[in-house]
Amino acid sequence: MGLSSIAYDLGSGLNGPMSISHLSSPRQQLAFSAKSCSRACITVRAADGNSGSMRAPPSTVRASKLVTNAVAVKSETASIAATKSGHELLLFEALREGLEEEMERDPRVCVLGEDVGHYGGSYKVTKGLAEKFGDLRVLDTPIAENSFTGMAVGAAMTGLRPIVEGMNMGFLLLAYNQISNNCGMLHYTSGGQFTIPVVIRGPGGVGRQLGAEHSQRLESYFQSVPGLQMVACSTPYNAKGLMKAAIRSENPVILCEHVLLYNLKERIPDEEYVCCLERAELVRPGKDVTILTYSRMRHHVLQAAKSLINKGYDPEIIDIISLKPFDLHTIGNSIKKTHKVLIVEECMRTGGIGASLRASIMDNFWDYLDAPIMCLSSQDVPTPYAGTLEEATVVQPPQIVKAIKQLCG
Amino acid sequence: MYRKMVTLQVMDTIFYDAQRQGRISFYVTTIGEEAINIGSAAALNATDVVFSQYREPGVLMWRGFTLQQFANQCYGNEYDLGKGRQMPVHYGSNELNYLTVSSPIATQVPQAVGAAYGLKMDKKDACAVTYFGDGGTSEGDFHAGMNFAAVLGAPVLFICRNNGWAISTPTSEQFRSDGVAIKGQAYGVRSIRVDGNDALAVYFAVKNARKMAVEEFRPILIEALTYRVGHHSTSDDSSKYRSVDEIEYWRTRRDPVARLRMFLQSNRWWDDENEDLLRQDLRTQMMSVLHNAESKKKPGLSNLFEDVYDVIPQNLKEQEQETQAIVGKYPKDYPSDVPLD
């Protein structure tokens, strides 16, 4: 079918301009690999670690390690940095690992979506799960997004913990009725009698010439719906952690993935860990300016940072992770230190995450700002098909460098 | 069963009048459809999960929701299980397996299929039941829900109250198919059409359908033909689009409650005296229940912010504090019966 062939092409053609092999630490290798989707996956059984804890602490950077590198080495768990343990995998495999672990842990967890069963999902996130858990727990649905999202809501209200996979986030616009009118609402309107612990996930964002309908950034549309939580993953580490946290949460959670990040490789811990849904990730500490970003733009920011650091700037980079609600604690602490903010997002200018974040920052941290908050976003246009035009709609590293120069002088 | 039908009828009449008098803000009656409500409810088990549209309070009534609870929800007072967050008639009770009513049409249909999917996985001796009107069968959710249920082999009952009208749209303008039962056939779902005003027919149809659904893991569609005697809701005046004669005819000559009454009386199981006593008693109960509900406090302001999430997040806490501060500062501009806590 049409869309699946696109998915395959994406898998094998990702070694273009996005290779970032700047990190020298053996533990942290972020490299896009040109692997096809049928690559054998490395599934390492997680050892029993933190099993009861829902709040494994993910991310404060150890400042002392960062001096010699252009971009800071992020050590999520210091103990792992010391040894070479952990296992390497791609982001889509990390998602699958998280999903599989949760399905093993809790028999109520199930997956619904188009082609998630034997086909393994368009981006192979559910590959192998149908064989392992059966057809009913990994359910192939007919093509009716509003309805299978409705099914998930109904199943969640009566005791299951479903994960809905949208083949592409843009298709979930068809499910908007169920998500807004029911998913976000029924816990409230039933007086707390019914909970809706669903996870709605799927790839969004601008890909490689997928066309306007397949390049939607739904985070803008969902951010206003009360009752929903929304997170965006950007690395294999946080992808797995957020998947697990989202499944364990009692609230409906939207997990935004990005089409171009599925083949991102990273070494993640063997032990079980869960990320916090409401906490932002401090990617690189600094003192000149706070750069807030999420999803794929994190990687563009990191690339720009190389250039910025060479020019003598010291940016503090925060991956906001939690799009709803914002982690104003982490963001605020950063702003109090740097007094300048640049938001880099892939959303459209109007009504995007950046727009809301700006408003939140102004409400809360106005007194700490030395300059107007800058925001780099995509233009308010449907994403064109032509590669050159498409690239112009996404914020690129040179733009980020220019913006920082403007902001910091 | 008959008593419950009468109770439903009396409740509807009195609550409707209460709305007209300004005592409650909104109401939706079930007049003319009592047989479907009670007949189907009686044929289900207490563990069957119900996803209703909004014209099925009889099902909740059958399961034990008290008149006081109905009134509390309509008044949105502190005893309302929904904590005052929904419009009147949007009842819900976790305990009685009746999911909180959500107004958008037919959204409950795929949800019921989802619940049935869960029941099938757990191998429970229960089914999911969903109700909707003739208008609901035009929604995309209805079609996909039926399709899914058939493909999945989900134990769900689709009960369509074909009452002839979707607000002002008659069925002749709603679909051109031969009613709703044929739509089930198209999806491979066993369907049956029953006289929705014959309580016993509805009872037996649902009873058998339930058995098939649960034992054979298949969905069943039941089209119950009836007539919406009342207006769509208290915001509607149906005489604007249909003749008063038509309404009167169905209200008097085709009343399902009267029909069952005649059947019972002809078998000497009921008589006029019982009837009068029952209605009298119900009216008194109803009035006191309304009065009771009216006098109760409304839920406190904190209920505005709770249950949006499982744990109240920081931004909502801030918004709550702001709101409390404003209401505290200008109490005259806000309702006096809403406690600040």
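Q: Which residues of helix α9(B) are buried?
A: This is a predicted model, in which local features need pLDDT of at least 70 and side-chain atom pairs count only at pLDDT 80 or more, whereas totals for chains, interfaces and linings use all residues. Residues are numbered from 1 along each chain as its sequence is written, chains are lettered from A and ligands numbered from 1 in the order written, and side-chain values use heavy atoms, leaving out hydrogens and water. With buried meaning under 20% relative accessible area (1.4 Å probe, protein chains only), the buried residues of α9(B) are B:Ala199, B:Val202, B:Tyr203, B:Ala205, B:Val206, B:Ala209, B:Arg210, B:Ala213 and B:Val214.

Q: How far apart are the end C-alpha atoms of helix α9 of chain B?
A: Helix α9 (a DSSP run of H or I, at least four residues) covers residues 199–216 of chain B. Because the expected span is 1.5 Å times one less than the number of residues, its 18 residues should span 26 Å. The distance between the end C-alpha atoms agrees with this, at 25 Å.

Q: Which residue follows α9(B), and what is its phi?
A: The residue after α9(B) is B:Phe217. Its phi is positive, near 50°.

Q: How much area do chain A and chain B bury between them?
A: The contact (heavy atoms within 4.5 Å) takes 41 residues from chain A and 41 residues from chain B. Of the buried area, which is the accessible area (1.4 Å probe) lost on putting the two parts together, summed over both, 63% lies on carbon and sulfur atoms, and the total is about 3,300 Å².

Terms used:
Helices (H or I, at least four residues) and strands (E, at least two) are DSSP runs, numbered from the N terminus. Buried means under 20% relative accessible area, exposed over 50%, partly exposed in between (1.4 Å probe, protein chains only).
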